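The following report concerns the structure shown below.

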2 protein chains.
Amino acid sequence: MHRIFVAALTMVALLTSPFAAAEKTYTIRLAETWGPNSKILGETPRNMAAMAERMSSGRLKFRIDSSNKHKAPFGIFDLVRNGQYDMGHTASYYYKGTIPNAMYFTTIPFGMITPEMYAWFYHDDGMALMQKVYEPYGLLSFPGGNTSNQMGGWFRKEINSLDDLKGLKMRTPGFAGEVMAELGVAVTNLPPGELYTALERGTIDAVEWVGPALDFQMGFHQIAKYYYSGWQEPNAEVQFLINKKTWDSLPADLQEILRVSMRTAAYDMYIQSTHESGVAWSRMTEDYPEVTHKVFPPEVINALRDTTNRLLDEFAEKDELAREIITSQRDYLSQVRPWTNISDKAYLDSVADQ
Amino acid sequence: MHRIFVAALTMVALLTSPFAAAEKTYTIRLAETWGPNSKILGETPRNMAAMAERMSSGRLKFRIDSSNKHKAPFGIFDLVRNGQYDMGHTASYYYKGTIPNAMYFTTIPFGMITPEMYAWFYHDDGMALMQKVYEPYGLLSFPGGNTSNQMGGWFRKEINSLDDLKGLKMRTPGFAGEVMAELGVAVTNLPPGELYTALERGTIDAVEWVGPALDFQMGFHQIAKYYYSGWQEPNAEVQFLINKKTWDSLPADLQEILRVSMRTAAYDMYIQSTHESGVAWSRMTEDYPEVTHKVFPPEVINALRDTTNRLLDEFAEKDELAREIITSQRDYLSQVRPWTNISDKAYLDSVADQ
């Protein structure tokens, strides 16, 4: 009897093993650039994780570490590449020092607006080119959410000509900072915590941050009157990074659950950004009626655009893959923008006096 | 021995039963308004189904019937309500005869553009109000994809004044048709298959369809020179309908898989529409260089807008729930549009001569 019972139990094990394998739990360690309780940006990987956990009945679990934990907000690329984390939520252009061609997948000045950028990713060469950049590092990269169009920044004085930019002390990082510097702006970088005081005391004259949703908590609208529309990040896509070994270890259904959760969370961030910026801009103008929206004059826009194009041409000349990406984005923009112009732009123009 | 073996087998059954329950397969019958091989619109429920099947390892399966099968393209609401189908993919405003308040969840003239509409659904009262409309019918409704901004239509003659609209024979259905009729347009309805010939022969002077992506195959650009920007559907959201009994029968993980698949497929349709319209508009203007983009003059736009608002006010007066929805959409628009104007609109304007 004992022997038969053992045999039967073995059969139980055999019968249940496919289910047992299917029920295996995977804990994904994710490092984010953002600090704890980060609005919108930090909510995005948590939205992704919640969807994936629910859809997988807990077979996928996530441990999300903020920058206060891993101490490397701009080192996510290395943390995931080295396998210290399985995933990251960060922005591609933070790593342009290590992989210069990464920056194009966040945004370029005078480039695409958000729906155009997603169309380039999902219906043109965007995803394939991004993979070409990250593949050598054993990484997969997916769109991770969009801030939508970013503002040109808070200015204490009006900018009416190119002359007004000369010597202007401004916090504006990255590629936009390089372009601004070419036009004579004294580009400075200060830690986020010092920006408000620096702007208030006149140590700097202007500061570019994100858009109303994230600018609100910085309080710049309390001390700078002019809020200029942007040119430097007409969309800004953050990213999910995944170590390819982790990805390959997942069964097909969990890979799809992860892919779809990332895709939805990314779109969701775009819509949340739209909403929160609407709320914040409305509050700023109510609480501080002297806050005024401005656009740079054509002279300034044209100079910024010419300088951007000259720098992009230089990048394209120096590097074959950079050339491929820049050309692809320019070609796509020239195909999609006429449509944007006769649809959303024409409509918004026609009802602008509403 | 036999008895023991049976007991052991019973134990096998007990041990495997939770897994067996989890492995139960659900076949969802979905009826779509669209015909077979419908571009973009028909691809959307298939994209949803493919994601849900892969994420559930086949525990969710779909049988999608096009209009040639169920013969009721504008009867999806009834098919799902009566339980003949579990789900539908259709547009809310097709059912305004039965449930007048449904139409606001597709679009209203002079209303929100696509990201604004999603923000209203997901971050304001949109989802709750839509559920309030569909709940009495035992249905759940979810956003099902957006065509993005629709064009005002193909015209054989320029529209330079309100007088040019008087007596104009135009195919433009629904609420937009009602507004046009108030301005003296002779609104006609013809089956899609007759539109090209009617426009070519002058039986009609103008036709409104969707946008370049779906207009292209209709060929109107070959016979009408003027393509006017729209006012009547600044976004157009189609919908997924689900019978509540089907929804309630699903385990929690499959409900979440279905919810996320619908949400992603909806966003995906917006991005695909953006892409395909870019491609199609580019081809139209290349193949037919005489095709010209036009905007209605302010006189026409203002009359259309005033008439729209007057009709909406009438709807709001007659029905408490209509008032609630119309007020919510107007309030939300007045909160979010200033942000759209200082971001995407200001940027697109500043680079329009690019």
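## Polar contacts and salt bridges across the interface

In this predicted model, 21 residue pairs are in polar contact between chain B and chain A, both residues being at pLDDT 80 or more. A polar contact is a pair of N or O atoms within 3.5 Å; within protein, one must be able to donate a hydrogen and the other to accept it, and residues adjacent in sequence count only if both atoms are side-chain atoms. Helices H1 (2-22), H2 (43-55), H5 (114-123), H11 (252-287), H12 (298-318) and H13 (320-350) of chain B each supply at least two residues of the side of chain B that touches chain A. H11(B) gives the largest share of that side, 19 residues. Sorted by class, the side of chain B that touches chain A has 40 nonpolar, 22 polar and 13 charged residues. In this classification Ala, Val, Leu, Ile, Met, Phe, Trp, Tyr, Cys and Pro are nonpolar, Asp, Glu, Lys and Arg are charged, and the others, Gly among them, are polar.

The interface of chain B and chain A also holds 6 salt bridges, a salt bridge being a side-chain nitrogen of Lys or Arg within 4 Å of a carboxyl oxygen of Asp or Glu. One of these pairs the side chains of B:Arg263 and A:Asp268, with an N to O distance of 2.9 Å.

## Extent of the interface

Contact, meaning heavy atoms within 4.5 Å, involves 75 residues from chain B and 76 residues from chain A. About 7,000 Å² is buried between the two chains, and carbon and sulfur atoms give 68% of this area. B:Trp339, B:Ile342 and B:Tyr347 supply 11% of the area that chain B buries against chain A, more than any other three residues. Buried area here is the accessible area (1.4 Å probe) that two parts lose on being put together, summed over both.

The same surface serves both copies, as 100% of the contact residues of chain B recur in chain A.

## Fold of chain A

Chain A has 13 helices and 11 strands. Helices (H or I, at least four residues) and strands (E, at least two) are DSSP runs, numbered from the N terminus. The C-alpha atoms of chain A fill a box of roughly 95 × 45 × 40 Å along the principal axes. Of the 354 residues of chain A, 59% count as buried; buried means under 20% relative accessible area, exposed over 50%, and partly exposed in between (1.4 Å probe, protein chains only). Among contacts in chain A with a separation of 6 or more, 76% come from residues 24 or more positions apart.

Helix H6 (residues 126-134) of chain A has as its buried residues A:Gly126, A:Leu129, A:Met130, A:Gln131, A:Val133 and A:Tyr134. These residues pack against helix H4 (76-81), helix H5 (114-123), strand E4 (139-146), strand E10 (237-243) and helix H13 (320-350) of chain A.

## Salt bridges within chain B

Over all chains the count is 44 salt bridges. The side chains of B:Arg46 and B:Glu32 form one at 2.9 Å, N to O. This pair links distant parts of the chain, with B:Arg46 in helix H2 and B:Glu32 in strand E1 (residues 26-32) of chain B, 14 residues apart. B:Arg46 is partly exposed at 34% relative accessible area, whereas B:Glu32 is buried at 0%.

B:Lys294 forms a salt bridge with B:Glu158, their closest N and O atoms lying 3.1 Å apart. B:Lys294 belongs to strand E11 (residues 292-294) of chain B and B:Glu158 to the loop between strands E5 (153-155) and E6 (169-171), so the pair ties together parts that are 136 residues apart in sequence. In helix H11 of chain B, B:Glu256 and B:Arg259 are 3 residues apart, about one turn of the helix, and their side chains meet in a salt bridge of 3.0 Å, N to O. B:Glu256 is buried, with a relative accessible area of 8%, while B:Arg259 is partly exposed at 21%.

## Basis of the values

Residues are numbered from 1 along each chain as its sequence is written, and chains are lettered from A and ligands numbered from 1 in the order in which they are written. Local features need pLDDT of at least 70 and side-chain atom pairs count only at pLDDT 80 or more, while totals for chains, interfaces and linings use all residues; side-chain values use heavy atoms, with hydrogens and water left out.
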